[in-house]
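Work through the exercises below with the sequence and the 3D view side by side. Try each task before reading its solution.

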Amino acid sequence: MIRTVVCEKDGCSSNKFFIGSEDEKLNLICAQCESRYSIDSKEQDYIMLPNCSNCNNDTFKVYRDIENKSVYAKCSKCGAVPEKIYIDSDGIQVSYEAKLLNDIKQIMYLVEQRIYNLEVNIKDLERSQNILEQSLAYINKYLVEKD
Ligand SMILES: [Zn+2]
Ligand SMILES: [Zn+2]
C-alpha cells in the first residue's frame, strides 16, 4: 500500500518537502513549516539528489510503500523524479548510464556462463552418443559373427 507522506505538525499537513539523502536515510524538510523527518530508505541502489531531474524544482511530494518499505519522490511541480546518483556493486557512486552498463555486463557474464554450460552438456551428449555407437557396432559385430 502506498501512502503520501504528510507533515505531522499541527495545523500544517503540507505534502511538499525538500529532500536530502544521508547514508541509508532520506531526510525530509517540510516546505511550509520546516519540520524535519527522517525515513529509512534501505536497500536502494541510488541516492536521491535534492532537485528535480526535469525542471530543477526543489520541493517534492513523497510516497512510502508500507509493504516493501521503499520511498518515492515526485516533483511537486512537474511530477518527475529527483535527480539520482546510482551506486554500483562496489559501492561506488556512478551515473545511471554507468550503472546500466555495469548491469548489462553482469547479465552478459551470466549469459556467457550459460552458453559455456550448454557447450559442456553438448560435449557430454556427443560423448554418450559415441559410446552408444561403439556399443551398437560391437553388438552388430557380435550378431554377425554369431551367424
Ligand atoms: Zn509542515
Ligand atoms: Zn520538476
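The exercises concern a predicted model, and each solution goes step by step.

**Exercise 1. Overall form**

Task: Find how the protein is divided into domains, and decide whether it is a compact globule or more spread out.

Solution: 
- Step 1. Domain 1 covers residues 2-87, and domain 2 covers residues 95-147.
- Step 2. The C-alpha centres of these two domains are 51 Å apart.
- Step 3. List the elements: the protein has 9 strands and 1 helix, in the sequence pattern β-β-β-β-β-β-β-β-β-α.
- Step 4. For 147 residues the globule rule gives 15 Å, but the radius of gyration is 30 Å, well over that value, so the protein is more spread out than a compact globule.
- Step 5. Along the principal axes, the C-alpha trace spans about 105 × 30 × 25 Å.

**Exercise 2. The helix**

Task: Compare the reach of helix α1 with the expected value, and state how many of its residues are buried.

Solution: 
- Step 1. Helix α1 runs over residues 96-146, which makes 51 residues.
- Step 2. At 1.5 Å a residue, 75 Å is expected; the distance from the first C-alpha of α1 to the last is 74 Å, close to that value.
- Step 3. A residue counts as buried when 20 or more other C-beta atoms lie within 10 Å of its own.
- Step 4. By this cut-off the number of buried residues in α1 is 1 of 51, so the helix lies largely in the open.
- Step 5. For the protein as a whole, 12% of the 147 residues count as buried.

**Exercise 3. A hairpin**

Task: Describe how β3 and β4 are joined and paired.

Solution: 
- Step 1. Strand β3 spans residues 25-30, and strand β4 spans residues 36-40.
- Step 2. The two strands are antiparallel and share 5 bridges. In one of the pairs, Leu26 has Ile39 of β4 as its bridge partner.
- Step 3. Between β3 and β4 lie 5 residues, and the strands form a hairpin. Glu34, in the turn, has a positive phi of about 65°.
- Step 4. Strand β4 is hardly covered, with 0 buried among its 5 residues.

Conventions
Residues are numbered from 1 along each chain as its sequence is written. Chains are lettered from A and ligands numbered from 1 in the order in which they are written. This is a predicted model: local features need pLDDT of at least 70, side-chain atom pairs count only at pLDDT 80 or more; totals for chains, interfaces and linings use all residues. Domain bounds come from an automatic or database domain assignment. Helices (H or I, at least four residues) and strands (E, at least two) are DSSP runs, numbered from the N terminus. The radius of gyration is taken over C-alpha atoms; the globule rule is 2.2 Å times the number of residues to the power 0.38. The expected span of a helix is 1.5 Å times one less than its number of residues. Two strands pair if DSSP finds at least two bridges between them.
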